[in-house]
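Okay, thanks for coming, everyone. Let me put the structure up, and then I'll walk you through it.

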Amino acid sequence: MEPETPSQPVLPEPMEEGPSIELPPPAEPICTIYSSPSEPSLETGPPWSHLERRLEDGFETLERLFADKLAYDQFKEQQIDRLHAELQAHKGDLLLRAQQPLLRGLIRLHDDLGRLADALAERAGEELTRERFQSYLAGFRDDVETLLDQHGVTRFEAPGESFDGRRQLAARTCQTAEPALVGQLAERLRPGFELGDSLLQKERVAVFVAAPNQVQEPQGGSR
């Protein structure tokens, strides 16, 4: 048998040139992408340049807000200090106005005591009787009670003859052998004073107490 020879590739025959065909021009795009005029184009700088500018603007805004807040806090603190100073001054003025009548009354009493001391020093011993001296002291006490009454302080004596520990103070005790008198008032010594519903000083009184038994009965009876 004869050896097979390798087959040669068959080349296509050249085509005959025909008439040229003209293609229509490409159609215009339907949608056009516009870039925002406020945002810089990415072609003008690095892609992160617009982000850096936004961060810088944000930091400037924060700094301005922080400065405004500090200024407001300082102004508010100054206002508080000024109001506090005005309140203290007003409070001191009110306190002084409230104390002035009392202080004037005390000054008048001081003058009265001075005149009384001068009058007693000029009088002879036989002219200064006990009754006259007691009348001077009674007048001075009336002046004090008048001054207290002008400031709302009134004197009182607790009603009844039984000792009332809530409004009375037992300044002295008197012994008694009568059981019915125990706890009763023996004497009223000094009046009490109150300001509205506030008790300033209790009434001072003397109170009867049971006398101790001098003779004690023997225990167990007599044999």
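Before I go on, a word on what you're looking at. This is a predicted model, so local features need pLDDT of at least 70 and side-chain atom pairs count only at pLDDT 80 or more, while totals for chains, interfaces and linings use all residues. Residues are numbered from 1 along each chain as its sequence is written, and side-chain values use heavy atoms, with hydrogens and water left out.

Back to D73. Its side chain meets that of K69 in a salt bridge, at 2.9 Å from N to O. The term stands for a side-chain nitrogen of Lys or Arg within 4 Å of a carboxyl oxygen of Asp or Glu. Both residues sit in helix 1, residues 49-122, and they are four residues apart, about one turn of the helix. Helices here are DSSP runs of H or I with at least four residues, strands are runs of E with at least two, and the numbering goes from the N terminus. K69 is partly exposed too, at 45%.

How many salt bridges turn up in a search of the whole structure? Nine. One of them joins R155 and E157, at 3.5 Å from N to O. R155 has a relative accessible area of 40% and E157 has 45%, and each is partly exposed.

Is E194 buried or exposed? It counts as buried, at 18%, whereas R167 is partly exposed at 27%.

Now the strands. Two of them pair if DSSP finds at least two bridges between them. Strand 2 and strand 6 run parallel over eight bridges, with R172 opposite A206 in strand 6. On strand 3, residues 185-190, the pairing with strand 6 is antiparallel, over four bridges, and R188 stands opposite V205.

What about pockets? The largest one is lined by 14 residues, and R141, E145, L189, R190 and P191 lie nearest its centre. Helix 2 (130-150), strand 3 and strand 6 each give two or more residues to the lining, and helix 2 gives the largest share, four residues. A pocket, by the way, is an open set of points on a 1 Å grid over the protein atoms alone, where a 1.4 Å probe fits, with protein on both sides within 12 Å along at least five of seven lines; lining residues have an atom within 4 Å of a point.

Last, confidence. The average pLDDT, the predictor's confidence in each residue from 0 to 100, is 75 for the protein, and 72% of the residues score at least 70. Over residues 214-223 the pLDDT is below 50, and beyond near neighbours in sequence that stretch has zero contacts in the model, a contact being heavy atoms within 4.5 Å. Where pLDDT is low, the predicted coordinates should not be read in detail.

Notes: Buried < 20%, exposed > 50% of the residue type's maximum accessible area, 1.4 Å probe, protein only.
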